[in-house]
Amino acid sequence: MIYNVSIWAIIIFLTFVAAVLGLSFYFARKTKSAAGYYAAGGNIHWGVNGIAFAGDYLSAASFLGICGMIAYSGYDGFLYSIGYLAGWVVALFIVAEPMKRLGKYTFTDALDARFNSKAIKLTAAISTLIVSIFYLIPQMVGAGDLVVPLLGLPHWVGVVIVGSIVIFIVATAGMTSTTYVQFIKGALLIIFSTILTIYILNNGFTLNPGKDYHKFTTIGVVLEDQKITGTTDPGYVFKESFTVDNSYTFVKTDKGGVDQWFKLSKDSTTLEEVLFITTLENGTKLYNGEPKSAAKFYQVGHLSKIVVDGVEVDKTGPLGPFEFLSTMENSQVVRFAKKEIKAAGTTVWYQNITDGKNMIKPGLLYKISKSTGATPWDRVNFVSLMLALFLGTSALPHILIRYYTVSSQRAARKSTIVAIAAIGFFYILTLYMGLGASVNGVLDVESSNMSGPLLAKYFGIGIFSIISAIAFATVLGTVSGLIVASSGAIAHDFMDKYLNMKMDDKRKVKAGKLAAFGVGLFAILLGILFKGMNVSFLVGLAFSVAASANLPAILFLLFWDKTTAKGIAWSIVTGILSSVILILFSPTMYEKYGLAKAAAPFPIDNPGIISIPLAVIVLVVVSLLTQKHNATKVENYHHDE
Amino acid sequence: MHGPAAKLGKDNAASKKTRLGVILFLFYTLVYGGFVLIGLVNPELMGLHVIGAQNLAIVYGFGLIVLAIIMGFIYNAVCTRMENRLNK
């Protein structure tokens, strides 16, 4: 997609980045101790911490990923909103106060509080690193996606910019600046998402998203003996036809020396124009038959029918929030589905008319209904996703470390509630932003992640610039938090506690900063490699790894007296290995390797349903086998309160 | 051993708060599980209108989010009262 770059967008964006860096400089002068670097001195106000929680949590996955997924797949994207928010219930009711009570700087501290075990220190530090890196990938991918329309730069440049700024932020000031960056960003994201939703409702629905919206051509087809031999429009000369998956027929034509692809309609009477990208033998990509600079690759997504009170209309005018959903239910949305035509080196996105009622209930992405051809594995995948989302939140190290930035258990609890209210409100907005993006001609089929910001652009360059800058700050803040968590795992858990390097405060902070630098560089590399994947899907995988590796250990530590250090350590190892291996052999990863999805040995994308119970079983069995080691337990904290 | 970054006093309400937390967690898990179960067993139900012109997917989905917020406020109010009473 080619975007026009606005000077205002650049100015607002640079102002945001400068403000974030200024804040870091300010707090850098105040951060001298390890407690200051890793836990902001433990004196952040609960209200600030609650919104900072929201800032941490409403990462690229929430704003970019969920909105994009809803825009392309309707309600199934909203399942992520529901699951992400439900996960906070586990955090509030089960994890928040004990975590605050047990830990010092990191999640490993809390897990190890009863045992002083080297095995826990090592495995929990590795788990923190792996979960954080899984979480870092989508943030960096989102950053790259953002700068393409905002600054007109290539994807990889965006990844490098974010990586560099974040390394600078973390290496200068640690958790204090990260907290305030998250607070400001979290608050702004919620405020401006509300404004964007008001724009969407005020705009209502229209069949014509704008004067520049591309009108897709439909032409007649000439068939002889069930074979396509030509078109009814002499302007389009038939060249070839290809059948994909035994059910979709795509036709290549020539219009004035430029290729134009069509899809044969279901009743085989017409050809419907598609969007397409062809990769030539020399690697050059043609967008709708022409170089990218010709700007012939359009933004899409529109309504083909709007029904209000049983009457078809061209537009609705302003709608209330519930009226918006019921009108969507009675209308028809034109989505764009992707198919690869490998024999022609071409990827097409064809018009897929979808009843509005299917946009506002589950089933378009996660096939769970028999009528959509769901297999038992499809259903298992759905349950596995919902399980990982529910159990993953309270096992995310960068979320858990935020409990150490407040002064008391009461403050930890209150900040969690502020977070739930703020995050819950935002997630309700995601449904409107996603559905709004699906029908206003703003979708970039190459990247679902930009649906939210591009919808903002539809309403004006001002709100687009602000929303994009906030989204960029979102990535900055979340990546900062993840890198603080990772550097804590390396410097505090591994070097100081596991290797027993006996570092003083100053050396501990220095080690943390060096670790932040290393993790930051690695994150940049991964962000470039994973370009093009939906960030919410990627975060879903991070949740699976976190829920498998960390949550069984946390819950059993808190609620089962027979839990041993070896049980925890083996459970963490099992959780990490099983979830990561299953992800690497999943259909989506096989597609990423360039292999057939159907060839993947593990038939579902979300591993939680296998890896979480497996980690629990290993924890219980190993703990029961190593009961004699429990005699050395340091304290049985939850009975001596 | 490790200790919190900020010094914490003894909390006499901790075990009562833990019990309340577990009860509320189990309640929410049941409601959340119901949502997943409908999706799994009879997904067509999600399209049924239940309140006005809104289908079950919207009502249940929004309901889960709003319920989490309401339960959070209730939990905090009860915990704060317990702390004030038991930690004098």
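Tutor: Start with contact: two residues are in contact if their C-beta atoms, placed from the backbone, lie within 7 Å. This is a predicted model: local features need pLDDT of at least 70, side-chain atom pairs count only at pLDDT 80 or more, and totals for chains, interfaces and linings use all residues. Residues are numbered from 1 along each chain as its sequence is written, while chains are lettered from A and ligands numbered from 1 in the order in which they are written.

Student: How many residues does the contact take from chain A and from chain B?

Tutor: Chain A gives 56 residues and chain B gives 42 residues.

Student: Which element gives the largest share of the side of chain A that touches chain B?

Tutor: Helices (H or I, at least four residues) and strands (E, at least two) are DSSP runs, numbered from the N terminus. Here H5(A) gives the largest share, 14 residues. Helix H5 spans 75-102 of chain A. Other elements that give two or more residues include helix H12 (376-392) and helix H14 (409-439) of chain A.

Student: How do the residues on that side divide?

Tutor: Ala, Val, Leu, Ile, Met, Phe, Trp, Tyr, Cys and Pro count as nonpolar, Asp, Glu, Lys and Arg as charged, and the others, Gly among them, as polar. The side of chain A that touches chain B has 31 nonpolar, 11 polar and 14 charged residues.

Student: Now the sheets. How do strands pair?

Tutor: Strands of a sheet pair through backbone hydrogen bonds, either parallel or antiparallel. Two strands count as paired if DSSP finds at least two bridges between them. In chain A, an open sheet of 6 strands runs E2-E1-E6-E5-E4-E3, with antiparallel pairing.

Student: Which strands stand at the edges of this sheet?

Tutor: E2 (227-231) and E3 of chain A do. Each has a single partner strand, so one side of each is left without a neighbour in the sheet.

Student: What joins E3(A) to E4(A)?

Tutor: 7 bridges join E3 (residues 237-244) to E4 (residues 248-255), and the two strands run antiparallel. A:Phe242 stands opposite A:Phe250.

Student: How many bridges pair E4(A) with E5(A)?

Tutor: 6 bridges, again in the antiparallel sense. This hairpin has 2 residues between its strands, and A:Gly256 in the turn has a positive phi of about 60°. A:Lys255 has A:Val258 in E5(A) as its bridge partner.
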